[in-house]
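Good morning, and thank you for joining this group meeting. Please look at the sequence and the structure as they are shown, and I shall then take you through them.

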Amino acid sequence: MRFALGAYLLIFFAYLLGPLLIMSISALNSKSFPSASPWECLTFEWFAVLAQDERILNGIKNSFIIGIGTVILSVSMGMAGSLVLTQVWPRLRSTYYTIIIAPILVPGVVLGISTLVFWDRVNRFFGLGNDSVFSDGLFLTIMGQSTFIASYCMLVFVARLQRFDPGLTEAALDLGASHVQAFRKIMLPFLRPAIASAAVLAFLASFENYNTTTFTFGQYPTLTIELAQKVRYGINPSISALAFLIVALTIFAALVNEAFRRRREIRSDKDLTAAAQKPSLLPGFLRGNIPAIVLVLFSFGVITVFYTAQTYSPEICKAEVKAEKKIETDRKIKEIQEKLKAQQKSKKQEQENIKASKKKSGGAFGSVFAPSNLEETTGTTSEPETKAPAKKKNNAFGNVFAPTNLEETTGTTE
């Protein structure tokens, strides 16, 4: 059972992280098309190409602006929806929950089109021009994405509120606190972890959204829009370099969060283990904190890669690969030429065999026009008087053009 579980986890993570690993490797390969195999040379030039791509950088900037706006709006609506859900009459709670969750089930294409049409009608209703805020790509994209991302945030808050004790708020109100004070000092600290989780979820959902954004971005294309347009016309490994950076930043953020979480657990644990109490060469932050150790190693690896990128030059390796490719190309050309020569020789031999067979059989028409055939047909013998009737019968035209026929017809006789 343990072996089966280990094999399942290995296959699962290979399926989940395999494409990311392959794309990260292709970012360090010198080939002009993203590919991890065959490996040519280690290079960091695609990161420089990415840094000079203005369209990608502009898409990243727009994605961050839209993501921040979506986080603010979605988290606010999700929190409000979850709080209202806890105050709704129990018989209406299921109906209200269904209405709030409905945008998740609607396709993103429909949300994008409906957002565009709705705010265009609002813009016309107020008599505003095409340059108004309701026609701005940033505004439309934030509104379109928030319509369904807010539902995800609400689910996060609902899961957190299920563990909340309403008696705490009631006690605060009984002690003279206002509803705002009770919310700020009791409810908000309790929802702080949910707020952080919902904000991260909303930002990631906004950053990778394409279906809704493709109808609303206007003059502010996001990163996903730019990537889709670049893939349509051809890509280079700078896209893999971007994926490598995103994966590295994600791993770094996850390790930082896990390291600080583990540190808080160690501080709150009063009964330290004997191993933790023993003197160690590690600093206090790393002692018993495996995520922090992995974070330090990961940071050291990133610094090493960055230093190597500044000092390493792949030109020698590229020259060797180019020479090998030229040799391989010449070899293939030579093989093709030899193959063509062999085909031409074989074709020439076939033609010679055909000519020889024609000569042997008496020509291409099988001796149909040989003189002997004509003599046999006309019946040329030494006794024309006795064989004259037979000549008329055996001739191909029945002796129609014989001179005697002309004499008989014209009557030129004595």
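Where is the place of T43? T43 sits in the loop between α1 and α2; helices here are DSSP runs of H or I with at least four residues, strands are runs of E with at least two, and both are numbered from the N terminus.

Before I continue, a word on the basis of this talk. Residues are numbered from 1 along each chain as its sequence is written, and side-chain values use heavy atoms, with hydrogens and water left out. This is a predicted model, in which local features need pLDDT of at least 70 and side-chain atom pairs count only at pLDDT 80 or more, while totals for chains, interfaces and linings use all residues.

Let me begin with the chain as a whole. The secondary structure of the protein chain comes to 16 helices and zero strands. Of its 414 residues, 25% count as buried, where buried means under 20% relative accessible area, exposed means over 50%, and partly exposed lies in between, computed with a 1.4 Å probe on protein chains only. Among contacts with a separation of 6 or more, 67% are between residues 24 or more positions apart; contact means heavy atoms within 4.5 Å.

I return now to T43. Is T43 buried or exposed? T43 counts as buried, because its relative accessibility is 1%. Apart from its neighbours within four places in sequence, T43 is in contact with A27, L28, N29, S30 and P314. The C-alpha atom of T43 is separated by 9.9 Å from that of T308, although the two residues are 265 apart along the chain. T308 belongs to helix α12, residues 290–311, and with 27% relative accessibility it counts as partly exposed.

As background, most residues other than glycine have a negative phi, and most peptide bonds are trans.

The other feature is a disulfide, which is counted when a pair of cysteine sulfur atoms lies within 2.5 Å. By this rule there is one disulfide. C41 and C317 form the disulfide, with their sulfur atoms 2.0 Å apart. The pair links distant parts of the chain, 276 residues apart: C41 is in the loop between α1 (2–26) and α2 (45–51), and C317 is in helix α13, residues 315–360. The link of C41 and C317 is left-handed, with -90° about the S-S bond. C41 counts as buried because its relative accessibility is 1%, whereas C317, at 22%, counts as partly exposed. Another cysteine, C153, is buried, with a relative accessible area of 0%.

Next, the helix that precedes this loop. α1 has 25 residues and reaches 34 Å from its first C-alpha to its last, close to the 36 Å expected at 1.5 Å a residue; the expected span is 1.5 Å times one less than the number of residues. Where does α1 bend? A kink of about 45° lies at L17, shortly before the proline P19, the bend being the angle between axes fitted to the seven residues ending at a residue and the seven starting there. The buried residues of α1 are G18, S24 and S26, and what covers them includes α10.

A kink is also found in α4, where about 30° lies at I99, shortly before the proline P103. The 16 residues of α4 (residues 90–105) should span 22 Å, and the end C-alpha atoms are 24 Å apart, which agrees.

Finally, I turn to α10 and its packing with α12. The axes of α10 (residues 238–268) and α12 come within 8 Å and cross at roughly 150°; axes are lines fitted to C-alpha atoms, for helices over the stretch in contact, and angles run from 0 to 180 degrees between N-to-C directions. The contact is made by A248, I251, F252, L255, V256, E258, A259 and R262 of α10, together with P291, A292, V294, L295, F298 and S299 of α12.
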